[in-house]
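Work through the following exercises with the sequence and the model side by side. Each task is followed by a solution that goes step by step.

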Amino acid sequence: MLRTRFTDLVGVKHPIVQGGMQWVGRAELVSAVANAGALGFLTGLTQPTPEALAKEIARCREMTDQPFGVNLTILPTIKPVPYDEYMDAIIRSGVKLVETAGNNPEKYIPVFKAAGVIIIHKCTAVRHALKAERLGVDAVSIDGFECAGHPGEDDIPGLILIPITADKLKIPFVASGGFGDARGLVAALALGADGVNMGTRFMATREAPIHDAVKQRLVDADERQTALIFRTMRNTARVHKNSIADKVIEIERRPGSTFKDVQDFVAGVKGRHVLEAGELDHGIFSAGMVQGLIHDIPTVKELVERIVDEAEAIITRRLQAMRERAVAAAE
Ligand SMILES: Cc1cc2nc3c(=O)[nH]c(=O)nc-3n(C[C@H](O)[C@H](O)[C@H](O)COP(=O)(O)O)c2cc1C
């Protein structure tokens, strides 16, 4: 068992978080994460309406009696999203943990706080983490350049981002992006984080409600098979490198190209189809470099237990053995 400021804050056993994942963060996965003693987030906007989100929360509660949360991703969308109503659905459902992401959560903080909700804000830059701290969030999840989804535009990998965050932030934080095994967890804790957040690694679990072909693709792929799209629009997204991602990058390189030129290729409905039907080149889907460290498709419980057990072994055996070796050599 590893106990940190973060596990104390959110009331779960292990310092491992499953971040919001569009089309993936449903009750099947989130309840499995909760039952394994880690913290899972349902993805609010995966549900088409606030009412559907309330039902999904109720469905998740039937599958676990452990704490879980809801991710609220605040991004500019083509179709306006009724964020206030999603927030109300979360509060009315009695959920006490929220992961905000995508934008400044200022508007939502007082309402969540008044309802006793713990807010973990996910961001990609230390300056944004510090701002969120000033605004009153309870914890931060900081995504390095390695991460799936939106790594921001600064391109700072975790090895630099995590210790700088640890030096500057007072509230607990989890390190995100590139984590998938015990070595990553121990490294994050050594760098000053209070836990890790994982996305891609949780996709390749038995309970993740996506097609087996996608899970197998993550096992087969190596660390080089991700692509950064939307760079030219300053809205960078790391996705799995498939023919559609290559096409989007090729179009982006054409002088004068705009979002309209790629819009059809990156449509959310096509990405959803990839995940649900397993047609790997039908659209784009988020995946991180950590896919190079994914070699199997365990249950969530097996994955979480493996990470925690091996992390303890690294700390108590591998690292301790190095000290003992030094002592023995000095004698
Ligand atoms: C398929 C997929 C969908 C994602 N969708 C969202 C999302 O809707 N909102 C969000 O805040 N983060 C989203 N993320 C990012 C994850 O929550 C997490 O921050 C990221 O995956 C961490 O990097 P990793 O994949 O290297 O572990 C998504 C990630 C994946 C893999």
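**Exercise 1: Helix 8**

In helix 8 (residues 182-190), the buried residues are Ala182, Gly184, Leu185, Val186 and Ala188, where buried means under 20% relative accessible area, exposed over 50%, and partly exposed in between, with a 1.4 Å probe and protein chains only. Helices (H or I, at least four residues) and strands (E, at least two) are DSSP runs, numbered from the N terminus. This is a predicted model, in which local features need pLDDT of at least 70 and side-chain atom pairs count only at pLDDT 80 or more, while totals for chains, interfaces and linings use all residues. Residues are numbered from 1 along each chain as its sequence is written, and side-chain values use heavy atoms, with hydrogens and water left out.

Task: Find what covers the buried residues of helix 8.

Solution: The cover includes helix 7 (158-168), strand 7 (173-176), strand 8 (196-198) and helix 14 (300-330).

**Exercise 2: The barrel**

Task: State in which order the strands of the closed barrel run.

Solution: The barrel has 8 strands in the order 1-2-3-4-5-6-7-8, with parallel pairing, two strands being paired if DSSP finds at least two bridges between them. From one strand to the next, the twist averages 25°, with axes taken as lines fitted to C-alpha atoms, for helices over the stretch in contact, and angles running from 0 to 180 degrees between N-to-C directions. Helix 2 (residues 27-35) packs on the sheet, where it touches strand 1 (16-18) and strand 2 (39-43), contact meaning heavy atoms within 4.5 Å; the direction of helix 2 makes about 165° with that of strand 2.

**Exercise 3: Ser31**

Task: Is Ser31 buried or exposed?

Solution: Ser31 lies in helix 2, and it counts as buried because its relative accessibility is 4%. Not counting residues up to four places away in sequence, Ser31 touches Cys60, Met63 and Thr64.

**Exercise 4: The ligand**

Task: Which residues come nearest to the ligand?

Solution: Of the 22 residues around the ligand, those that come nearest are Gly20, Thr73, Lys122, Gly178 and Thr200, a residue being near if one of its heavy atoms lies within 4 Å. An N or O atom in the side chain of Thr200 is 2.5 Å from an oxygen atom of the ligand. Strand 3 (69-73), strand 8 and helix 9 (200-203) each supply at least two residues of the shell around the ligand.

Note on methods. A polar contact is a pair of N or O atoms within 3.5 Å; within protein, one must be able to donate a hydrogen and the other to accept it, and residues adjacent in sequence count only if both atoms are side-chain atoms.
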